[in-house]
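Please examine the following model with its helices in mind.

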Amino acid sequence: MNNSLDNTMRTSAHGQSAPVAEPNIAKEPSTKPSAATTTVVGLFVILTVLAGMLGPVQSTVNGQLGSVIGDGHLAACISFFSGLVVMFAIVLPQKKLRTALFRLPSQLKNKTLPWSYFFAGCCGAVIVLSEGISVGSLGVATFQTSLICGMVISGIVCDRLGIGVEFKQALNIPRVLGAILAIVSTILVVYPVFTAPHVIVLAILPFTGGLLAGWQPAGNSQIGHIADSMLVSITWNFIIGFSALTIGFLVRLGLGHATFALPTKWWMFLGGPLGLLSIALMALLVRKLGLLLLALASTAGQLIGSVAIDLSFPQLGHTVYTMTIVGTIVALVASAIAMIPSRKIGKGTESA
């Protein structure tokens, strides 16, 4: 379970995956999968697409929360708090996990854990903060497309620099093309509102969150390894994200630039738990599909779900332009191309 969670967080944060080890195949003349196997894989792909749709649902909840209480920053704090409550309920009753969680600060003090990894939860805070601030104005489709495009570029760069992966991967034509298409996709989804400068600025938020997301899996993996539990790693991410957001909000509150308010609708507290549910489902599904297929199917689910939400709920006030759909398709193509594994770079081959 821990390995699956680690792999899943690597996949979902980058929007791509590392090469998957090939399963042991019996030495037979034909390796063509049976019809039953193909059907099962197809079923799990559909389930993964549906699980990927939880991302846009979470963005919608956090976006609506930010709009209702009039403060996207406070909305992000509430979302992180609800997720943290769930993780505490899972981790604290278990002595081994509780001990590992409370030991983490000392790991920073004795330099067992690099400080940059220690604060990896801030990356998630940026994404949730951008949900609370920008989804209400951008719409779910534009937000998710900008986020995923940032993740595609981040994944390519992190793979090339060896951040969070065992081997560096050389830049090749497909990966460069994937990065270019990601940028083109972002421009396409923003183009219909190009005359509204404030909307352009808002679109930069999820794109930046996507770029930062490449660093987070490295921290998650390191913390999970030290604690011997990805549940502890996820909990620590929520603690750091919630702390950073709350400190910032308290400063704003003290300066008189914010007011505290809570939503009256219960479903607006579900942003954090929805994110956790998505992670759990991906951890289960990755065993059936492998990282590459899981990443592509979940990305498709995110993009399809985003457009579906904006089209199905016009009362949210999010217009789906033709360019929005085109940009979404381009983003999916960019993700698929960027997932193509390139040549691994080992020690002594940096010039490759």
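Helix α3 is largely enclosed by the rest of the structure, because 13 of its 16 residues are buried. In this predicted model, a residue counts as buried when its relative accessible area is under 20%. The helix covers residues 54-69, and its first and last C-alpha atoms lie 22 Å apart, close to the 22 Å expected at 1.5 Å a residue. After α3 comes G70, a residue with a positive phi near 75°.

The crossing of α3 with α7 is right-handed.

Helix α7 spans residues 121-138 and includes S130. Is S130 buried or exposed? Its relative accessibility is 1%, and S130 therefore counts as buried. When neighbours within four places in sequence are set aside, S130 is in contact with V135, F143, L205 and P206.

Attention now turns to helix α10, which runs over residues 197-212 and contains L202. L202 has a relative accessible area of 14%, so this residue is buried. Its contacts, apart from neighbours within four places in sequence, are I133, S134, S137 and L138. L202 can also be compared with E131: the two are 71 residues apart in sequence, while their C-alpha atoms are 9.9 Å apart in space.

Helix α5, residues 95-109, packs against α12 at an angle of about 50°, and their axes are 10 Å apart. The two helices α5 and α12 are therefore oblique to each other. Their crossing is right-handed. On the α5 side the contact is made by L97, A100, L101, L104 and P105, and on the α12 side by L231, V232, T235, W236 and I239. By class, the contact of α5 with α12 holds nine nonpolar residues, one polar residue and no charged residues.

The loop between α11 (216-227) and α12 (230-254) is the place of D228. D228 has a relative accessible area of 48%, so it is partly exposed.

Finally, helix α9 can be examined for its length and for its buried residues. It has 18 residues, 173-190, and at 1.5 Å a residue these should span 26 Å; the end C-alpha atoms are 26 Å apart, which agrees. The buried residues in α9 include R175, G178, A179, L181 and A182. Also buried in α9 are S185, T186, L188, V189 and V190.

Definitions and conventions:
Residues numbered from 1 in each chain as written. Predicted model: local features only at pLDDT ≥ 70, side-chain atom pairs only at ≥ 80, totals over all residues. Heavy atoms only, no water. Helix = DSSP H or I, 4+ residues; strand = E, 2+ residues; numbered from the N terminus. Buried < 20%, exposed > 50% of the residue type's maximum accessible area, 1.4 Å probe, protein only. Contact = heavy atoms within 4.5 Å. Expected span 1.5 Å × (residues − 1). Axes fitted to C-alpha atoms, helices over the stretch in contact; angles between N-to-C directions. Parallel < 35°, antiparallel > 145°, perpendicular 65-115°, else oblique. Left-handed = near helix turned anticlockwise from the far one by under 90°. Nonpolar A, V, L, I, M, F, W, Y, C, P; charged D, E, K, R; others polar.
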